[in-house]
Amino acid sequence: MDDKQLLADYRRMLLIRRFEEKLDSLFTSGVIKGTSHLYAGQEAVAVGVCAALRSNDFMTSTHRGHGHLLAKGADPKRVMAELFGKSTGYSKGRGGSQHTACAAVGFLGSNGITGGGIPIATGAALAVQMTASAPLTKDGHAGRNRAHPDAVVVCFFGEGGASMACFTRASTWRESGNCRSSMFAKTTSMRCRSHCMRNLRFKTLPTELSRTGCPA
Ligand SMILES: Cc1ncc(C[n+]2csc(CCOP(=O)(O)OP(=O)(O)O)c2C)c(N)n1
Ligand SMILES: [Mg+2]
């Protein structure tokens, strides 16, 4: 990776941090109603992964989606517009913090379901594989809805998602070669875990991964 790329990645990480700080103050002061889950502190994960992706690769997200969306190359003004419920937002202001999608950068959506991105990524990876081998149109074109044949689908999830049944099923599909997706889990230290996390039947991320045969 050259200096230019490193600088661009550092700028994107800084953009995410500043964006999240602003968002935090907007929510805590009540300017934006409701709640939001910040991505601050994890910028390097998303930006590092996105540095290896192309714009026509796909990504699924979590309830901490703004960081992923910005790392994938989204326009911060349109992300903020979405959070303000404006029609200029990526989901026309109807998705808000946890339900934004942006087809233009291959962002298949944030969502509030723990591990919810896992089945979406598995389905998208299967769709890429199926459309890649589909015949071309009569005039030799790939067709409007056809993904790039080498498209990659990346799935971000927290360690909470690794305790969900869909994680085990998706890992089995992946290992059996039924689909081609990459899964990136990040873990929260025990000290920071929420009450609900402690109630999940979950040990540690490496334990869950080894249970399914996935490399940790
Ligand atoms: C299916 C489901 N069960 C429970 C919840 C309630 N819940 C909200 S956040 C959360 C913890 C998620 O932990 P993790 O995936 O590690 O993400 P983190 O918040 O640590 O980034 C839970 C259990 C949920 N949103 N979805
Ligand atoms: Mg966690």
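The model is a predicted one: local features need pLDDT of at least 70, and side-chain atom pairs count only at pLDDT 80 or more, while totals for chains, interfaces and linings use all residues. Residues are numbered from 1 along each chain as its sequence is written, and chains are lettered from A and ligands numbered from 1 in the order in which they are written.

Strand 1 runs parallel to strand 2 and is joined to it by 3 bridges; two strands count as paired if DSSP finds at least two bridges between them. To find one bridge, select Thr60, whose partner in strand 2 is Cys155.

Now zoom out. The protein has 8 helices and 3 strands, in the order α-α-β-α-α-α-β-α-β-α-α along the sequence. Of its 216 residues, 37% are buried. Contacts are pairs of residues whose C-beta atoms, placed from the backbone, lie within 7 Å. Among contacts with a separation of 6 or more, 66% link residues 24 or more positions apart.

Select Phe107, in the loop between helix 4 and helix 5 (117-132). Is Phe107 buried or exposed? Phe107 is buried, because 23 other C-beta atoms lie within 10 Å. Leaving out residues up to four places away in sequence, Phe107 touches Met59, Ser61, Leu69, Lys72, Ala74, Ala101 and Cys102. Its C-alpha atom is 9.5 Å from that of Ser55, 52 residues apart along the chain.

Phe107 also belongs to the largest nonpolar core, which has 39 residues. Such a core is a set of buried Ala, Val, Leu, Ile, Met, Phe, Trp, Tyr and Cys residues joined through C-beta atoms within 7 Å. Those with the most contacts inside it are Phe107, Leu108, Ile118, Ala121, Ala124, Val153 and Cys155. Helix 5 gives the most to this core, with 6 residues. Ile118 is worth a selection: beyond its neighbours within four places in sequence, Ile118 contacts Cys155, Phe157, Gly161, Met164, Cys166, Phe167 and Ala170.

Move to helix 4, residues 76-83, where Val79, Glu82 and Leu83 are buried. They lie on the same side of helix 4, because they cover an arc of only 100 degrees around the axis (taken from the directions from the helix axis to the C-beta atoms). The buried residues of helix 4 pack against helix 1 (3-28) and helix 3 (65-71). Just after helix 4, Gly85 has a positive phi of about 75 degrees.

Finish at Ala51, in the loop between helix 2 (43-50) and strand 1. Ala51 is partly exposed, because 14 other C-beta atoms lie within 10 Å. Not counting residues up to four places away in sequence, Ala51 touches Gln5 and Asp9.

Conventions: Helices (H or I, at least four residues) and strands (E, at least two) are DSSP runs, numbered from the N terminus. A residue is buried if 20 or more other C-beta atoms lie within 10 Å of its own, exposed if 12 or fewer, and partly exposed in between; C-beta atoms are placed from the backbone. Two residues are in contact if their C-beta atoms, placed from the backbone, lie within 7 Å.
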